[in-house]
Number of protein chains: 4
Amino acid sequence: MNRVVLVGRLTKDPDLRYTPNGVPVTTFTLAVNRTFTNQQGEREADFINIVVWRKSAENAANYLKKGSLTGVDGRIQTRNYDGQDGKRVYVTEVVAESVQFLDTKKEQGNYQTTNQTNSDYPFVNDAQSVDIKDDDLPF
Amino acid sequence: MNRVVLVGRLTKDPDLRYTPNGVPVTTFTLAVNRTFTNQQGEREADFINIVVWRKSAENAANYLKKGSLTGVDGRIQTRNYDGQDGKRVYVTEVVAESVQFLDTKKEQGNYQTTNQTNSDYPFVNDAQSVDIKDDDLPF
Amino acid sequence: MNRVVLVGRLTKDPDLRYTPNGVPVTTFTLAVNRTFTNQQGEREADFINIVVWRKSAENAANYLKKGSLTGVDGRIQTRNYDGQDGKRVYVTEVVAESVQFLDTKKEQGNYQTTNQTNSDYPFVNDAQSVDIKDDDLPF
Amino acid sequence: MNRVVLVGRLTKDPDLRYTPNGVPVTTFTLAVNRTFTNQQGEREADFINIVVWRKSAENAANYLKKGSLTGVDGRIQTRNYDGQDGKRVYVTEVVAESVQFLDTKKEQGNYQTTNQTNSDYPFVNDAQSVDIKDDDLPF
DNA sequence: TTTT
DNA sequence: TTTT
């Protein structure tokens, strides 16, 4: 059981790339405002890295931009790789299964489904079946 | 909106500490098994760092140990601090609002509530009202 | 563990009432659009009844209206009572712990915390400590 | 956005049926203990109806029984039909996308994915693509 | 640095 | 009894 739901705004425009096998992957950071204030009475935010695969990746890249109010439904993923300085780098990010565009009049959503092979299927998802090379991911 | 629900097992015994003002804080890592297998047909896990505050921190330290099946309901928090090598360190972790012990017969739960001041309350929570010094946190 | 997160639109203006002891309670129905289409290629919705207590109830009544895009974080509650025709009526609804207004520029949120006694506290919540008489609830 | 996560115990053995087109569907009720107590100091539960489709339906029927500790990840669905007394009946239930068996040593999970047609796929899901006749559902 |  |  690993479930995450977030609503926040993109800190920058989304970043669409392709894996060596041509699978689209979009990354962006969501700023999610906290519901409480800190000692100084300020409302802070958490900055959460999001990864979206396949058709949803292309939709996110097309419809989202810096500042877009966005809902994300997905799961937390951890991975690690060797940094350029030789030390191990640990990454925690959210793999989106669904991205909802909340700024538009019709708040259109994109759903993906897990481990999909048949890609002419309308709701495509997750792409854990695809090799994720660390350097394909911009985070 | 920032919501996380996890079920997994502790990778080690939990670690209970106290802030300078005496607030209990427990940390542990949850291994959450994935529902799908990788290229080699193996089932992998995500390793997610959890922070629990106040009464729930003490309960978690008392009732959980390495391997305990545990449910966590909380939110993702990001923070950063200057590492000993001078580079900025970015941390993503889950602040638990509720921890449920799933191994025991009665799967007893602990609920905390946010920004609580009155601590003789049975379900105490979150402690964002408390100064969190980075070096109080073991992650 | 009982967690619900929804984003949808109010089907009507919210309904604010008070319990006999003067506790505010607001109810409304959220239309949550599905991510998939039915046999006829239409996109349907689920219509989910929401209950909000205390300070958040008053905020919801002030800031929300028919059509407002709204996020809800809460839990599923079931209860039953004897209907006027003598048969038992079973109700399933969502008790909101947090309501987020997604239409406004600052998408202001309201957080409540559970079983709160001290009510001059900024984030008040849930009111399970309060007697809920069935006929105080409009559903 | 419509997400539900529950952990609870089956109130009875699960009920496996098949739609006219042969699609397996299992239903059961989860008793989810509340984290707080009522006026009398008792800990109550919510009783939530769950619907599981396809492969997960068969797995749930095989592995779960009355009392099984079970995690459910899914979405709230509302529907209505004409009751035998001529009045409209309104139903709120949770359609499970994933069911996790928490009693077993390996807490095996079952994942489904949405709107799947190709059923030799390992993680099959949701079956909203399938006609749901109201009288196929025991609730 | 990882659990069953 | 349903929203955009």
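Guide: Happy to. Three strands of chain B, β1 (2–10), β3 (24–37) and β4 (43–53), each supply at least two residues of the surface near DNA strand E. Here strands are DSSP runs (E, at least two residues), numbered from the N terminus, and a residue is near a molecule or strand if one of its heavy atoms lies within 4 Å of it. β3(B) gives the largest share of that surface, three residues.

A word on the ground rules: this is a predicted model, in which local features need pLDDT of at least 70 and side-chain atom pairs count only at pLDDT 80 or more, while totals for chains, interfaces and linings use all residues. Residues are numbered from 1 along each chain as its sequence is written, chains are lettered from A and ligands numbered from 1 in the order in which they are written, and side-chain values use heavy atoms, with hydrogens and water left out.

Altogether, 12 residues surround DNA strand E, and the closest are A:Y90, B:R9, B:A31, B:N33 and B:F47. By class, five residues of this surface are nonpolar, four polar and three charged; Ala, Val, Leu, Ile, Met, Phe, Trp, Tyr, Cys and Pro count as nonpolar, Asp, Glu, Lys and Arg as charged, and the others, Gly among them, as polar.

Which parts of the DNA do they meet? Of the atoms of DNA strand E within 4 Å of the protein, 44% belong to sugar or phosphate and the rest to bases. For B:N33, an N or O atom of the side chain is 3.1 Å from a base nitrogen of DNA strand E. B:R9 places a polar side-chain atom 3.2 Å from a sugar or linking oxygen of DNA strand E. From chain A, A:Y90 has a polar side-chain atom 3.4 Å from a phosphate oxygen of DNA strand E.

Terms used:
A polar contact is a pair of N or O atoms within 3.5 Å; within protein, one must be able to donate a hydrogen and the other to accept it, and residues adjacent in sequence count only if both atoms are side-chain atoms. Helices (H or I, at least four residues) and strands (E, at least two) are DSSP runs, numbered from the N terminus.
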